[in-house]
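Subject: Handover of a structure and its findings

Dear colleague,

Please find below the structure that I am handing over to you. My findings follow directly after it.

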Amino acid sequence: ISWLPPSGFSRGLSSISDFFTIFLPTNIGLAPFSSYYRDNTKFSLWNYGTQLDIGFVSFLSLGFFWSRSIIENSNDSKSFTQFRGTASILFSKYFSLSGSYGKIKILYEPDKFNGIFTLRYEKPEELSLTLSYENNDARLLFYSPNIIYSRLRTDFFRFNGYYIYSNNFKISSYYNYFSLEDGNEGNDFQFRMGKKFLQNGFMGYEYFYSDFAFTTYFYYSPNNFQSHSIWAEWNYLYKPNLKFKLNGKVGYVPSVDYVINELNAEITYKPILDLILTGRISYSNSYRFDSSYNNLSFSLFAYWSLF
C-alpha cells in the first residue's frame with residue numbers, strides 16, 4: 001500500500017516537514033568588497049565591507065549588508081558605517097525586485113536611516129533595464145572635499161539600460177535625478193550608441209548632459225554641462241576561468257573648449273568552481289570648478305557561493 005497517499009498522523013507529519021523545509025536555505029552567497037578613490041582636489045574615499053545573501057525556496061533571498069566608508073580631505077576625515085537588512089524576490093528568470101534598509105552610523109553625528117530599492121529586468125548580453133531609488137548622505141554620493149562637514153539627505157533616482165541587437169549594434173543610457181536637503185536638485189543623462197568593433201568589442205558615439213538648479217561651492221553641481229565623446233569597449237576571454245574587459249572614451253566639452261578622457265580595465269578570475277574574483281582600475285580626466293579634474297580608483301570584489 002506504499003502507493004497510497006499519506007493520511008491521518010502520517011499526513012500531518014508530512015505537512016509539518018514540508019512547512020519547515022521552506023525555512024531551509026537553498027543557497028548562501030558571500031560577497032566581500034573594497035574600493036579606493038582619490039582625485040586632484042585632495043579628496044579620497046576608502047570603502048570596504050561585505051554582503052551575505054541566503055536563498056529560500058526558488059524565488060526569495062534574505063541577508064544583510066555591512067560597509068565602512070572613510071572620506072578625507074587635506075584637513076580632516078569622517079567615517080560612515082552602514083548596516084542594512086536585504087531582501088530580493090525573483091519573479092521570473094529575468095525579472096527581480098530587491099531592497100535593503102538600515103542605518104548609517106556617522107562619527108560624532110546622530111545615526112541616519114538609509115535604503116536602496118531596485119527593480120530589474122535582464123537578459124544577459126541582450127537587454128537590461130534597471131530602475132532604482134536610494135536614500136543616502138550626500139557625502140557618499142558627491143565626492144567633494146568641501147562637503148565633509150555638511151549633513152545633507154539626498155534622494156537619488158536612477159534608470160539605466162542597454163540593448164544589443166543581433167550582437168552587432170548596441171545602445172545604452174542612464175538617467176540620474178538628485179533631490180538634496182539644501183533645496184538643490186539635478187540630473188545627469190548619458191546616451192551611447194555603437195557598432196560591433198573587432199571580434200569582441202563595440203565602438204560609437206556618446207552624449208552626456210548634466211544640470212542642477214543652482215551651483216554650490218560644497219559639491220559639483222554644474223549648469224548645462226554637455227560633452228560629446230567617442231567610446232569603445234573590448235572583451236577578451238583568455239581562458240574559461242579568466243577574462244578581461246577594457247573600455248574608455250575621448251571627448252570634447254564645447255562650453256569650455258576642453259578635451260576629456262576616461263580609461264577602465266577589469267579582470268575576472270574564477271580560481272575554483274564557486275568563487276569569482278573581480279578587480280577594476282579606472283582613470284578619468286574631466287572639467288570641474290573652472291579647472292581640470294582627474295581621479296583614480298581601484299576596486300576588488302569577490303563572490304563565494306558557500307553552497
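Over the ring of which residue does the charged end of Lys123 sit? The ring is that of Tyr94, and the charged end of Lys123 lies 5.2 Å from its centre. A further case of this kind involves Lys170, whose charged end is placed over the ring of Tyr162, 5.5 Å from the centre of that ring. Please bear in mind throughout that this is a predicted model.

Overall architecture

The chain contains 1 helix and 16 strands. Its C-alpha trace extends over about 85 × 55 × 35 Å along the principal axes. Of the 307 residues in the chain, 36% are buried. When contacts between residues at least 6 apart in sequence are considered, 43% of them join residues at least 24 apart.

Aromatic pairs

The structure holds 25 aromatic pairs. One of them is formed by Phe142 and Phe178, whose ring centres are 5.1 Å apart. Their planes meet at 55 degrees, so this pair is classed as tilted. The two partners come from distant parts of the chain, 36 residues apart: Phe142 is in the loop between β7 (127–137) and β8 (153–165), while Phe178 belongs to strand β9 (residues 169–180). Phe142 has a relative accessible area of 8% and is therefore buried. Phe178 is likewise buried, because its relative accessible area is 7%.

Another pair consists of Phe208 and Phe225, with ring centres 6.2 Å apart. Here the planes stand at 70 degrees, which means that the pair is edge-to-face. Since Phe208 is located in strand β11 (residues 201–212) and Phe225 in strand β12 (residues 225–239), the pair ties together parts that are 17 residues apart in sequence. Both of these residues, Phe208 and Phe225, are buried.

Ring pairs also build a cluster, which comprises Phe142, Phe156, Phe178, Phe212 and Tyr219.

Ser284 is found in strand β15 (residues 275–288). Is this residue, Ser284, buried or exposed? Its relative accessibility is 14%, so Ser284 counts as buried, the cut-off being under 20%. Leaving aside residues up to four places away in sequence, Ser284 touches Asn261, Glu262, Tyr293, Asn294 and Asn295.

Tyr108 is not a glycine, yet its phi is positive, at about 65 degrees. Tyr108 is situated in the loop between β5 (95–106) and β6 (112–123). With a relative accessible area of 76%, Tyr108 is exposed.

Leu198, which is not a glycine either, has a positive phi of about 60 degrees. Its place is in the loop between β10 (185–197) and β11. Leu198 is exposed as well, because its relative accessible area is 60%, and the cut-off for this class is over 50%.

Yours sincerely

How values were computed. Residues are numbered from 1 along each chain as its sequence is written. This is a predicted model: local features need pLDDT of at least 70, side-chain atom pairs count only at pLDDT 80 or more; totals for chains, interfaces and linings use all residues. Side-chain values use heavy atoms; hydrogens and water are left out. Helices (H or I, at least four residues) and strands (E, at least two) are DSSP runs, numbered from the N terminus. Buried means under 20% relative accessible area, exposed over 50%, partly exposed in between (1.4 Å probe, protein chains only). Contact means heavy atoms within 4.5 Å. Rings of Phe, Tyr and Trp (its six-membered ring) pair if their centres lie within 6.5 Å; planes under 30 degrees apart count as stacked, over 60 as edge-to-face and the rest as tilted. A charge sits over a ring if NZ of Lys or CZ of Arg is within 6 Å of the ring centre and within 35 degrees of the ring normal.
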